[in-house]
Amino acid sequence: MLPADSHVHSQWSWDAAIGDMEGSCARAVELGLPAIAFTEHLDHTVWTVEFDGLDPGAHLAKMADPDGLLTPPAFDVPGYLAAVARCRERFPSLVVLSGLEVGEPHWHAEAVAQVLAAGPFDRVLGSVHCLPTDDGFAEPPGVYPRRQAADVMRQYLAEIAALATQSQVFSVLAHIDYAVRYWPAQAGPFDPYAFEDEFRHALRALADSGRALEVNTKVPLHPEIVGWWRQEGGRAVTFGSDAHFPAELGRGFGAAVAMVEAYGFRPGRHPHDFWRR
């Protein structure tokens with residue numbers, strides 16, 4: 001039995017998203033997943049989209065203004081919860097969790113608190129997508145061209161540590177390796193050992209807060225990071241395929257399970273529990 005997929009996103013329009021959400025539930029049943037969590041994006045940071053390499057019809061490209069500035073729309077809590085309820089009704093054998101992936105909650109504490117108070121959310125993830133730039137904020141693809149790649153990576157991990165120490169609203173850290181996804185080819189192969197101290201500092205801050213580390217399988221997580229997590233006191237992990245579409249659900253879970261088991265993590269009592277050591 002595969003673990004629960006705890007990091008599935010729909011999109012901001014529920015009329016368009018419900019088909020993907022129900023399709024994801026059907027795919028979960030097909031794969032034998034016992035549970036699924038729709039951790040919808042909740043963002044408040046206004047950031048500049050890097051248009052280079054984006055299809056003009058891409059979701060982010062359509063949401064940004066002509067200057068590339070993207071202002072996240074207000075989150076429709078009732079619409080989201082209604083979509084989750086519909087999935088639960090249609091798939092009674094599947095545990096369907098509500099949830100959020102909150103971007104930079106330590107920067108937007110009041111706005112985040114208002115959303116969290118508006119409805120029940122079973123699983124809340126914290127994440128860092130954006131970094132400060134000279135003229136605003138940008139995701140890693142927009143920051144790497146401006147600075148040395150190693151400096152960007154260190155800044156990203158420092159922000160993860162700040163997130164862990166400054167926000168209490170989330171129980172799981174999402175994709176600690178998000179900036180690695182966009183590591184520039186001209187910088188050479190990414191070597192996690194070049195940033196071991198920074199990874200350990202961020203992991204230690206997270207472990208000290210008692211929260212879980214997500215093993216995100218969109219890009220395979222370097223095994224060393226899970227080893228450092230355990231050494232720095234981390235006691236729990238979750239799995240997330242970061243699937244925005246049903247076909248992406250559960251990708252890479254077999255390899256991810258083998259990796260965390262090698263470091264002593266085991267399933268909890270219930271299918272949606274964290275894996276612990």
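**Close-up views of a predicted model**

**View 1. Tyr 80 and Phe 121 as a ring pair.** Tyr 80 is buried, and so is Phe 121 (buried: under 20% relative accessible area; exposed: over 50%; partly exposed in between; 1.4 Å probe, protein chains only). The model is predicted, so local features need pLDDT of at least 70 and side-chain atom pairs pLDDT 80 or more, whereas totals for chains, interfaces and linings use all residues. Residues are numbered from 1 along each chain as its sequence is written, and side-chain values use heavy atoms, leaving out hydrogens and water. The count of aromatic pairs comes to twelve (rings of Phe, Tyr and Trp, the last by its six-membered ring, with centres within 6.5 Å; planes under 30 degrees apart are stacked, over 60 edge-to-face, the rest tilted). Tyr 80 and Phe 121 form a stacked pair, 6.0 Å centre to centre with 25° between the planes. Tyr 80 belongs to helix H3 (residues 77-90), while Phe 121 lies in the loop between helix H4 (109-116) and strand E6 (123-127), 41 residues apart (helices, H or I, of at least four residues and strands, E, of at least two are DSSP runs, numbered from the N terminus).

**View 2. Met 153 in the largest nonpolar core.** This core (buried Ala, Val, Leu, Ile, Met, Phe, Trp, Tyr and Cys residues joined through side-chain atoms within 4.5 Å) has 71 residues, of which Met 153, Ile 176, Phe 199, Val 215 and Val 260 touch the most other members. Helix H6 (residues 149-166) gives the most to the core, with nine residues. Not counting residues up to four places away in sequence, Met 153 touches Tyr 144, Ala 179, Val 180, Trp 183, Phe 190, Phe 195 and Phe 199 (contact: heavy atoms within 4.5 Å).

**View 3. Surroundings of Thr 133.** Thr 133 is found in strand E7 (residues 131-133) and is buried, with a relative accessible area of 12%. Beyond four places away in sequence, Thr 133 touches Ala 138, Val 143, Arg 146 and Arg 147.

**View 4. Cys 87 and Cys 25.** The structure holds zero disulfides (cysteine sulfur pairs within 2.5 Å). Cys 87 is in no disulfide, and the nearest cysteine sulfur, that of Cys 25, is 3.9 Å away. Cys 87 is buried, at 0% relative accessible area.
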